[in-house]
Amino acid sequence: MSKIAKAIKPEKAKMGKTDKKLTLFIVPFIILCFLFSYFPLHGWIYAFYDYKPPLPLSKCEFVGLQWFEMLFNNKTQVTQMIQVMKNTFAMSLLGIATSMLPLFFAIFLNEIKCKWFRNLVQTLTTLPNFISWVLVYSVAFSLFSNTGMVNTVLQNLGLITEPLKFLDSDSHTWLAMLLWNTWKGLGWGAIMYLASITGIDQSLYEAARVDGANRFELMRHITFPALLPTYFVLLMLSIANFLNNGMDQYFVFQNAFNKEHIQVLDLRVVLI
C-alpha cells in the first residue's frame with residue numbers, strides 16, 4: 001500500500017499544478033465580469049436621492065423610496081407597467097418557444113448537397129443580422145406601408161381596394177415582432193449549430209448507413225441528439241436574459257397604433 005501511495009502522490013501534485021494553472025486562466029474573466037456586471041451596481045444608490053447634476057451626491061437630498069412610491073401610487077402608471085411586463089413576458093416566451101428554429105435550420109442547411117447553393121442560402125440568411133433595426137424598419141416601410149410595394153401590387157392586381165394596415169395596426173403585434181426578429185437572427189443563430197455539426201464523429205454516420213439508415217433517420221438519431229447540448233446551453237443563456245428583450249427593434253416599430261402591445265421593459269425604461 002505504501003508503494004501505491006508513493007506512486008499516487010506525484011500524480012496528485014501534477015493535477016494540483018494543472019488546477020492552479022486553469023484557475024489562473026479564469027481570473028481575467030472574473031475580473032472583467034466584476035468590472036462590467038457588478039461594479040456598476042453602485043449606481044443604484046442614485047435612485048434613493050433627488051439627484052441634480054452636476055452636484056455631487058453628498059449635496060443632494062436623500063428621498064428614500066419616494067420615486068418607487070410615486071410609481072405605484074398612480075393607478076395609470078401601475079396599469080401601464082402591468083401591460084409592459086405582459087408584453088415583455090410574451091415576447092420572451094415566444095422567443096424561447098421558437099429557439100429551436102436555428103437548430104432545425106442548421107440541420108436542413110447541412111443536408112443541402114449543392115455547395116454553392118448552401119453557401120448562398122447561408123449568406124443570405126446571415127446578412128440581416130448585420131443590418132441595424134433602423135434599416136430593417138426602412139425595408140419594412142418600403143414593403144408594407146400604405147404606399148409600399150405589397151399594397152401597390154395587390155391594388156394593381158385588383159385583390160384589394162384599400163391598403164392593408166401592416167405597420168399602423170395593433171393586431172398581431174407580438175407575432176409581427178417575432179417574425180421580424182426571426183428573419184433577422186435565424187441565419188446567425190444557426191452558425192453555432194453548423195460548427196457543432198462539423199464536430200460530430202463521421203463514423204457514426206457511416207455505421208448508420210451500413211445499417212440501412214436513410215437521411216431523415218441520420219438527422220433524427222445522430223445530428224439532432226448531438227446538437228442538443230449546445231441548444232440547452234444557449235437556452236439557459238436566453239432564460240437568464242428573460243427580461244432583456246432589447247430596445248432597438250421595438251423603438252423603431254413603435255407608433256400610436258401599436259403602442260399598447262409593443263412596449264417592453266427595455267423600451268419603457270428609455271421612454272421614462
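1. A quick definition to start: a crossing is left-handed if the near helix is turned anticlockwise from the far one by less than a right angle, and right-handed if clockwise. By that rule, H4 passes H10 in a right-handed crossing.

2. Bear in mind that this is a predicted model, with local features needing pLDDT of at least 70, side-chain atom pairs counting only at pLDDT 80 or more, and totals for chains, interfaces and linings using all residues. Numbering runs from 1 along each chain as its sequence is written, and side-chain values use heavy atoms, leaving out hydrogens and water.

3. Helix H4 covers residues 101-110 and helix H10 residues 215-240; their axes come within 11 Å and cross at roughly 140°. The two are therefore oblique to each other (angles under 35 degrees count as roughly parallel, over 145 as roughly antiparallel, 65 to 115 as roughly perpendicular, the rest as oblique).

4. Who touches whom here? From H4, Leu 103, Phe 104, Ile 107 and Phe 108 meet Met 219, Thr 223, Phe 224, Leu 227 and Tyr 231 of H10 (contact means heavy atoms within 4.5 Å). Sorted by class, that contact has eight nonpolar residues, one polar and no charged.

5. Now the largest pocket, at about 1,100 Å³. Its lining has 35 residues, and Gly 95, Pro 102, Asn 181, Gly 185 and Ser 238 are the closest to its centre. Helices H3 (75-97), H4, H8 (173-198), H10 and H11 (248-253) are the elements giving two or more residues to that lining.

6. H8 gives the most to the pocket lining, 12 residues. By class, the lining holds 18 nonpolar, 15 polar and two charged residues.

Technical notes:
Axes are lines fitted to C-alpha atoms, for helices over the stretch in contact, and angles run from 0 to 180 degrees between N-to-C directions. Helices (H or I, at least four residues) and strands (E, at least two) are DSSP runs, numbered from the N terminus. Ala, Val, Leu, Ile, Met, Phe, Trp, Tyr, Cys and Pro count as nonpolar, Asp, Glu, Lys and Arg as charged, and the others, Gly among them, as polar. On a 1 Å grid over the protein atoms alone, a cavity is a set of points where a 1.4 Å probe fits but cannot get out, and a pocket is an open set with protein on both sides within 12 Å along at least five of seven lines; lining residues have an atom within 4 Å of a point. Grid points are joined across faces, edges and corners, and a volume is the space filled by probe spheres set on the points.
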